[in-house]
Amino acid sequence: MNNSTIEEHHKLLSEHFGITTTPGQFTVALAGNPNVGKSTVFNALTGLHQHTGNWPGKTVDNAQGSFTYLDRSFLMIDLPGTYSILAHTVEEQVARDFICFGKPDATLVVLDATCLERNLNLALQVMEITPKIIVCVNLIDEAEKKNIKIDISALQKDLGVPVVATAARNGKGLDILRQKLYEMSTGLCTVTPRQINYSSEVENAIQQLLPKVSRLIGSNLNPRWVALRLLDGDEAFINSISQYLDFDLHSTRLQEVAV
């Protein structure tokens, strides 16, 4: 980012999300289903360097914490625990909007190793929004007790993003997690996130929408994901685009694209 872009990003974080970063500080979004040990990961990484409040205009907790790795500072934003980011609840809307418009340098999605299949839904949704994702398979110690074996290398290859096994309450895997967050935030890590293929009817509709969506939103968001939300008729997301993006884009224009 150039200086003006950095200043605009700081302003957006402060005005819309109540988040203040220091010069050169990376932002990390922490996402996950409820009861996957997300708070334990947050506490283990940030220690006592954290504070809580509410998201602006929302009665939803906003927890922020900082840590340092290789002389670089990171601010971790603990998003509300959600099963989805399709914004059916206030918590889901907060999580979705921050990942989309807060433009974190990395998004860390925490999964429960004992029920991996159910948790992967959220990770796949986030991968449709941003490629800057790291998957943390937490509670690996509990999975081992239940004789559940997870091939982390195979999972990483299948998802196309870094996957780290952790037992956060015991500190297992946290050093590797910090390293991957550093590599993702600094651009040292290249990824090819798995793309979900939908039915031929949906894929054809996406392809028809992509040129128009790309012209309207430019590089501000993943145009494929925006096209999917338009096909869903997600009016709340259309309103969020007008609210957060720093250009004149009326919701009616996007609605017309989907017709």
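Which backbone oxygen does the side chain of threonine 46 reach? The tour of this predicted model begins with that residue.

**Stop 1: threonine 46**

Select threonine 46, which is placed in helix H2, residues 38-46. Its side chain reaches the backbone oxygen of phenylalanine 42, at 2.7 Å. Now display glutamine 50 as well: the side chains of threonine 46 and glutamine 50 make a polar contact at 3.1 Å. Threonine 46 counts as buried because its relative accessibility is 2%, and the cut-off for a buried residue is under 20%. To see what surrounds threonine 46, set aside the neighbours within four places in sequence; the residues in contact with it are then Gly65, Ser66, Phe67 and Met76. Keep Phe67 displayed for the next stop.

**Stop 2: helix H7 and arginine 178**

Select residues 174-186, which form helix H7. This helix has 13 residues, and the span from its first C-alpha to its last is 18 Å, close to the 18 Å expected at 1.5 Å a residue. Colour the buried residues of H7: Leu174, Leu177, Arg178, Leu181, Tyr182, Glu183, Met184 and Ser185. An α-helix has 3.6 residues a turn, so residues three or four places apart point the same way.

Within helix H7, select arginine 178. Is this residue buried or exposed? Arginine 178 is buried, since its relative accessible area is 17% and buried means under 20%. Leaving out residues up to four places away in sequence, arginine 178 touches Ala44, Leu45, Phe67 and Tyr69.

Then move to glycine 187, which follows H7 and has a positive phi, near 85°.

**Stop 3**

Select lysine 103, in the loop between helix H3 (90-101) and strand S5 (106-112). Its phi is positive, about 50°, although lysine 103 is not a glycine. With a relative accessible area of 33%, lysine 103 is partly exposed.

Next, select leucine 139, in the loop between strand S6 (133-138) and helix H5 (140-145). Leucine 139 is another residue other than glycine with a positive phi, in this case near 60°. Its relative accessible area is 17%, so leucine 139 is buried.

**Stop 4: glutamine 93 and proline 80**

Return to helix H3 and select glutamine 93. At 23% relative accessibility, glutamine 93 counts as partly exposed. How far apart are the C-alpha atoms of glutamine 93 and proline 80? They are separated by 9.5 Å, while the two residues are 13 residues apart along the chain.

**Stop 5: helices H9 and H10**

Finally, select residues 223-232 for helix H9 and residues 235-244 for helix H10. The axes of these helices come within 8 Å and cross at roughly 135°. H9 is therefore oblique to H10. Show the side chains where the helices meet: H9 contributes Trp225, Val226, Arg229 and Leu230, and H10 contributes Phe237, Ile238 and Ile241. Which classes of residue make up this contact of H9 with H10? Six residues are nonpolar, none is polar and one is charged.

Key. Residues are numbered from 1 along each chain as its sequence is written. This is a predicted model: local features need pLDDT of at least 70, side-chain atom pairs count only at pLDDT 80 or more; totals for chains, interfaces and linings use all residues. Side-chain values use heavy atoms; hydrogens and water are left out. Axes are lines fitted to C-alpha atoms, for helices over the stretch in contact, and angles run from 0 to 180 degrees between N-to-C directions. Helices (H or I, at least four residues) and strands (E, at least two) are DSSP runs, numbered from the N terminus. Angles under 35 degrees count as roughly parallel, over 145 as roughly antiparallel, 65 to 115 as roughly perpendicular and the rest as oblique. Contact means heavy atoms within 4.5 Å. Ala, Val, Leu, Ile, Met, Phe, Trp, Tyr, Cys and Pro count as nonpolar, Asp, Glu, Lys and Arg as charged, and the others, Gly among them, as polar. Buried means under 20% relative accessible area, exposed over 50%, partly exposed in between (1.4 Å probe, protein chains only). A polar contact is a pair of N or O atoms within 3.5 Å; within protein, one must be able to donate a hydrogen and the other to accept it, and residues adjacent in sequence count only if both atoms are side-chain atoms. The expected span of a helix is 1.5 Å times one less than its number of residues.
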